[in-house]
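Let us look at one structure together and learn how to read a few of its features, one step at a time.

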Amino acid sequence: MKMAAEVRWLTLLIVFTIINCLNAGEPHIKFEYKYSFKPPYLAQKDGSVPFWEYGGNAIASSDSVRVAPSLRSQKGAIWTKEPVNFEWWNVDMVFRVSGRGRIGADGLAFWYTTAKGAYDGTVFGSSDQWNGLGLFFDSFDNDNKHNNPYIYPIVNDGTQMFDHSNDGATQLLQGCLRDFRNKPFPTRARIEYYQNTLTVLINPGLTNNEKDLEMCFRAENIYLPKGGYFGVSAATGGLADDHDVFHFLTSSIHIPGQISTDGPKVSVAEEAKLQKEYEDYEKKLEQQKEDYRKSHPDEAGQDKEDLEWFESANQRELNQIFEGQSQIFDQVRLLSNKLDEIVGRQERTLSMLSQVQVGGGGGVNVQGGGQPIQMIDTIRRQEVDAVLANQNVILNTARELKSFIGDVNSKTETILNNQARQPTAQVQPMGYDYQSLISEMRDGLNQIKRDVSHNNKAGGNVADCPTGNCLTTTMFLIFLAMQMVILLGYNIYKDNKEAQAKKFY
Ligand SMILES: [Ca+2]
Ligand SMILES: [Ca+2]
């Protein structure tokens, strides 16, 4: 019993160790609200965005931050107030770049830099010679290589000037060509920096699905400075787009085991402080909303009505089209998957068939896997052909038989008709009479021959023959001829008599 208990404890220990190891393998992700913004109430009543500051031509509303509006030569930016206090991070940014032109300018930039940039800088609305990362959503094709809109990162140590005329082609690490302008749904970008690897996933805005993210690029051995600021900037030129950012959601990523080894006292105290801060903020927001409703009871309703009315005219139709397109896109993707499946099945079937043919078409075939497959005994093509040919032959024969029978039938009819007109019943007895007569005559002749030869053998000589009874050959022939003449005469007489009798019918 003691031994069994020890074994049980040992097993439990091993299980817990394994669970700890598994837990240790997963990085810890924590939402960082101080480095994030999202609707509703993105901007407060006074226009400020909590934990962020913006400038230049940027405008913040409750739903989005218009970093640069669709007017010529506009520049704007929004930056976090505080530098980050974590090393690795993930940012989900949802934005829209839209304009009336077939092409737009200049684009939008995501920043992670050691210092906040300017609000009216030369690089997509912010400062050049930055120290850190700039990820550019470059709408306008400055170098005329027909490769925009292009998404690319540039890591700068604070010394390099952005190569604007070449769309940063001489400085970029990697990138991807994605048309993110004027899409039915907002563009989604997931920017992850974890263990010196920068990964950017994109949904250009063809679908409204959060999970529809494609790999844009993955760059390894990226060393960014610690404690940087997040920012978004945008600029327009001769051509102008609206650059709206709806969501900027930051999460810190912690290497497994990092959080538990850090001083728990600090994190608890900080958590309580942050929690209080958050609650205060929520209370303040609710109070502001309540005040606004009290002071403008009609306006709020009016605005809403106007908005609804406006939407029903154009926006709703457009939204329906976009929704429809999204559905079509989903269906096409589903069909594509199904097609792939069908092609796969077809290939498998074909390979199985070829194996069966190689195997000589036996009833049972053994595959490579060793699993016997009972083949169904089906009719083959040549067998069907043979059956058809046979059927044709039978049909032709039947037709020939039919025509033959028809001939026979018609001939029979003719014969029957002829018979009805000329009854042949009397011919037969006549023929029979002749035959019987001839056979009687033949018998008689044979009898005579036998008698003559017998007499010849017995007598040996004519001279020896006794008088009166002795018959010579000449005498016999004379008698025969006479008999024939009498017979023929009788027959002719009989025929004449019958012919005379027929005349009376
Ligand atoms: Ca450009
Ligand atoms: Ca270009």
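**Reading a strand, its neighbours and a core**

Q: In β14, which residue is the bridge partner of Lys75?
A: In this predicted model, Lys75 has Ala235 of β14 as its bridge partner, and this belongs to a pairing in which strand β5, residues 75-80, and β14 are joined in the antiparallel sense over 5 bridges.

Q: How many bridges join strand β7 to β14?
A: Strand β7, which covers residues 107-113, runs antiparallel to β14 and is joined to it by 7 bridges; within β14, Thr113 finds its bridge partner in Tyr229.

Q: Which residues have the most contacts inside the largest nonpolar core?
A: They are Val67 and Ile78, in a core of 56 residues, to which strand β6, residues 88-98, gives the largest share with 7 residues.

Q: Which residues does Ile78 touch, not counting those up to four places away in sequence?
A: Ile78 touches Val49, Trp52, Tyr54, Ala58, Val65, Val67, Gly231 and Val232.

Q: Which residues does UniProt list for "transmembrane region"?
A: The unreviewed UniProt entry lists residues 475-493 under that name, and in the model this span is 100% helix and 0% strand, with its end C-alpha atoms 27 Å apart.

Key. Residues are numbered from 1 along each chain as its sequence is written. Chains are lettered from A and ligands numbered from 1 in the order in which they are written. This is a predicted model: local features need pLDDT of at least 70, side-chain atom pairs count only at pLDDT 80 or more; totals for chains, interfaces and linings use all residues. UniProt positions are given in the numbering used here, feature names are shortened, and annotations may be inferred rather than shown by experiment. Helices (H or I, at least four residues) and strands (E, at least two) are DSSP runs, numbered from the N terminus. Two strands pair if DSSP finds at least two bridges between them. A nonpolar core is a set of buried Ala, Val, Leu, Ile, Met, Phe, Trp, Tyr and Cys residues joined through C-beta atoms within 7 Å. A residue is buried if 20 or more other C-beta atoms lie within 10 Å of its own, exposed if 12 or fewer, and partly exposed in between; C-beta atoms are placed from the backbone. Two residues are in contact if their C-beta atoms, placed from the backbone, lie within 7 Å.
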